[in-house]
Structure formats: structure tokens, C-alpha cells
Amino acid sequence: MKYSNLIKNVNWQLLLAVPVAAGILHICATLAAPHLTAASAYSRLAPALPTNRMQVLNVTSPGAEPLPFLSPDARYAMCLFDTSAGPVSVASTLPPDIGWTLTVMTPQGDNIYGAASVAARPTPISLVLVPSEEAFLGVTPEARGIARDAQQPAILAATKGIIVVRGPDKGFSYQRHVEAVLKDAHCTARSF
């Protein structure tokens, strides 16, 4: 008898409003988190990375991560790019293995380009980062009398940011292969 009286006296609207309010608060906190952090990933990495040159990072270990929550089962190469002096060329060939990625991120943390490897074949990536979409990239190869390469680079408008090449760390046996692929990734200022 007492149990049925208790169910009748429950304010069902209030009971349903609590999880809805908690969900709205959670969504607002998640969206506001990047704007409330003291130091962004870009501000943490920028002083340690050379400009327009790819650098292979050391193996991630507890307490020595360049960024929080970097995966310990992956190796990274990063490049701090700046197109204020001219275009920057980015080239990498991701091996035919699952887990390899190349991403281009802005200082605000926006991912403006992402590519992942596929298991069937190598994934060649060729990008040109320019300060604006109207940037002149020089005379075409055909105009100079040179045959066009099979793959033309993708052109992205970005002034500053970080390029991250991520490869799976499968242990000691694969260490040389992973290092070689990361070292083969290039990020260089482009000359006309």
C-alpha cells in the first residue's frame, strides 16, 4: 500500500527534468572546454617544434608526453608550419597498414585535412599549404616544358598550424620500419 502511494506522489516532471538538465549541462561544458583551457595543444607544441620541418618525436612515456592523452601505442612526427613567407609543401607515403594517419590542424585545433592509410596499398599524400586560396603557386609544369606528375598536390589555405603523422607502434620488431616512414615525411618551405 505504501509503495503505490509513493509512486502517486512523485513529481514525474521534476524526475524527468533532472537528467535532461544534466545532459544540457554536459553538452555545454564539452563545447566550452576548448575555450576555457589555459594552454592549447598548439601553444604547448609550438616552442618545441622547428618551423616548416618535420620532427620525429621520442617514444611517449608516462610523465614525458608532449601533450596529455597521446596514445602510448603510436609514434608521431610533427611539423609546425607557417605560410607567411610562402607556400609549404607536405609529402608522406603512408604504408599499406591500418593505423597510419596524417592530419593538418590549425592553432585553434580545427582539423582542416585528414588522411588515413588503407591495408591494400600505400597511400601517397602531397599537399601545398598556402596563406590564402588566391595564392600564386608558380608556373605549371606544362608551361615549363616538364611532364606533369601523376598526382597533383592538394592545395589547402592555412597560415599556421601543425601537421601530425601518426603510426602504430607494434613493438621492437617494427621499430625501424615505423621510424623510416616517419622520417620520410616532409614539410618544407616551397620555392617557386
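Analyst: A salt bridge is a side-chain nitrogen of Lys or Arg within 4 Å of a carboxyl oxygen of Asp or Glu. Side chains of opposite charge can pair when their charged atoms come close. In this structure, Lys170 and Asp97 form such a bridge, with 2.5 Å from N to O. Lys170 is in the loop between E8 and H4 and Asp97 in the loop between E3 and strand E4 (101-105), so the bridge ties together parts 73 residues apart in sequence. Helices (H or I, at least four residues) and strands (E, at least two) are DSSP runs, numbered from the N terminus.

The model is predicted: local features need pLDDT of at least 70, side-chain atom pairs count only at pLDDT 80 or more, and totals for chains, interfaces and linings use all residues. Residues are numbered from 1 along each chain as its sequence is written, and side-chain values use heavy atoms, with hydrogens and water left out.

User: How many salt bridges are found in the whole structure?

Analyst: The search finds three. In one of them, Glu179 meets Arg75 at 2.5 Å, N to O. This pair links distant parts of the chain, Glu179 being in helix H4 (residues 175-184) and Arg75 in strand E2, 104 residues apart. Another joins Arg166 and Asp73 at 3.8 Å, N to O.

User: Are Glu179 and Arg75 buried or exposed?

Analyst: Buried means under 20% relative accessible area, exposed over 50%, and partly exposed in between (1.4 Å probe, protein chains only). Both Glu179 and Arg75 are buried. Lys170, by contrast, is partly exposed at 41%, and Asp97 is partly exposed at 23%.

User: How many disulfides are there, and which residues form a disulfide?

Analyst: A disulfide is a pair of cysteine sulfur atoms within 2.5 Å. The count here is one disulfide. Cys79 and Cys187 form it, with their sulfur atoms 2.0 Å apart. It links distant parts of the chain: Cys79 is in strand E2 (residues 74-82) and Cys187 in strand E9 (residues 186-189), 108 residues apart. The link is left-handed, with -45° about the S-S bond. Cys79 and Cys187 are both buried.

User: What is the order of strands in the open sheet?

Analyst: Two strands pair if DSSP finds at least two bridges between them. The open sheet of four strands has the order E7-E6-E3-E9, with mixed pairing. Strand E7 (154-157) and E9 stand at the edges with a single partner strand each, so one side of each has no neighbour in the sheet. Strands E3 (residues 88-94) and E6 (residues 123-130) pair in the antiparallel sense over seven bridges; Val90 has Leu127 in E6 as its bridge partner.
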